[in-house]
Amino acid sequence: MTSGYLLLEDGTVFRGRSVGAAGAAFGEAVFTTAMTGYQETMTDPSYAEQLVCFTAPMIGNYGVADERSESERPQARAALMRRLGGSEWGDWLVSNAIVALEEIDTRALVLRLRESGAMRAVAAADDEALPVEDALEQVRAQPLMEGQALVAEVSVAAPYVFSDGDGPRVGVVDYGTKRSILKRLAQTGAGVTVFPHTVQPDALAGLDGVVLSNGPGDPEPLRAEVETVESLLGTTPVLGICLGHQLLGLATGHRTFKLPFGHRGANHPVLERATGRVLVTSQNHGFAVEPSDATEATHVSLYDGTVEGFEFRELRARSVQFHPEAGPGPHDAWSILDSWVEELDRA
């Protein structure tokens, strides 16, 4: 093991010990407050280009399992932890070429990111191989997350059938979809086909419904994807999740913006306006839809008032910013996917 560090673009250094792969990982430093789901987090495509700080004091204590991975490979670039909880997790990080540091003062790091916002950074496994004084210029040369269209890095190249259910035929536009979303749709009995982010509207028009998936990066540059969503409105039922929610917002005249430090965790409170019910939700996003009093804004964040859900009845479209498949996380929103598929079945 070697002495490593995390260096933020403002020059702040957090020292740690390497427990992962050798080398250095550049990206955006963010944090998640989820107490579990470390493997799901590292393999969630929404974490592409990011260095993830885990706020739970021990990470890795219940091991790893292939079925927990949300994609075929790790997507986050580094894991930042107070303590590594088990050799199995450490071995997984090494075998997947993930830079990982323990003994990081994660409490101080989270406070820094909350005060100054998510920042460009580098996680270095060996401070001798890449001295801090040489790394800062490289960090500041990295692109900001604003304006980055990252879905091409994580989307499939060609359509494929995920499940041959007897229920409604559902297409999932893959902007970086999690496997748990596909599994939950399949469990409803739906026939699920996954399409690349470049799919043309004609390929989706004959389906019973279309899910706009989660994914990484800034939604604003995704002009072609927004145009595809616009073409579906009023003709094919649409359900947006996370980035898909933001794209639906852009397609209907709402605006998105970058959050200072994002919403990432499994305990985020969301108000369901129609009922007054508060849902505890799983979230992972750095961009959001601006607060709105419009009637179509069905859910709002109790942290900052950002729009967490839409329903456009006349357009047959709805969306949620949070993750209803609960992979991982609470099950308060579990019924959203089931009820949507049931509606398709009745149509």
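Predicted model: local features only at pLDDT ≥ 70, side-chain atom pairs only at ≥ 80, totals over all residues.
1. Which residue stands opposite Arg318 in β17? Glu311 does.

2. Strand β17 covers residues 317–320.

3. β17 has a partner in strand β16, residues 307–312. The two pair in the antiparallel sense, over 4 bridges. They form a hairpin with 4 residues between the strands. Look at Arg316 in this hairpin: Arg316 takes a positive phi near 60°.

4. β17 also pairs with strand β12, residues 238–241. Here the sense is parallel, again with 4 bridges. Leu239 has Arg318 as its bridge partner in β17.

5. Now turn to the pockets. The largest pocket holds about 460 Å³ of space. Its lining has 20 residues. Glu272, His299, Glu311, Arg318 and Ile336 lie nearest the centre. Both Glu311 and Arg318 from the opening question are in this group.

6. Which elements give two or more residues to that lining? They are β14 (277–289), β15 (297–301), β16, β17 and α10 (335–346). By class, the lining has 7 nonpolar, 6 polar and 7 charged residues.

7. The second largest pocket has a volume of about 360 Å³. It is lined by 17 residues. Nearest its centre lie Ser71, Glu72, Val154, Val156 and Asp174. At least two lining residues come from each of α5 (151–154), β8 (160–164) and α6 (179–187). The classes here are 6 nonpolar, 5 polar and 6 charged.

8. Next, the nonpolar cores. The largest one has 26 residues. Tyr175, Leu204 and Val229 have the most contacts inside this core. β11 (209–212), α8 (223–232), α9 (243–251) and β16 each give two or more residues to it. The largest share, 5 residues, comes from α9.

9. A second, separate core has 22 residues. Among them are Val172, Ala190, Leu239 and Ile241.

Notes
Residues numbered from 1 in each chain as written. Heavy atoms only, no water. Buried < 20%, exposed > 50% of the residue type's maximum accessible area, 1.4 Å probe, protein only. Pairing = 2+ DSSP bridges. 1 Å grid on protein atoms, 1.4 Å probe; cavity = no way out; pocket = protein on both sides within 12 Å on 5 of 7 lines; lining within 4 Å. Points joined across faces, edges and corners; volume = space filled by probe spheres on them. Nonpolar A, V, L, I, M, F, W, Y, C, P; charged D, E, K, R; others polar. Core = buried A, V, L, I, M, F, W, Y, C linked by side-chain atoms within 4.5 Å.
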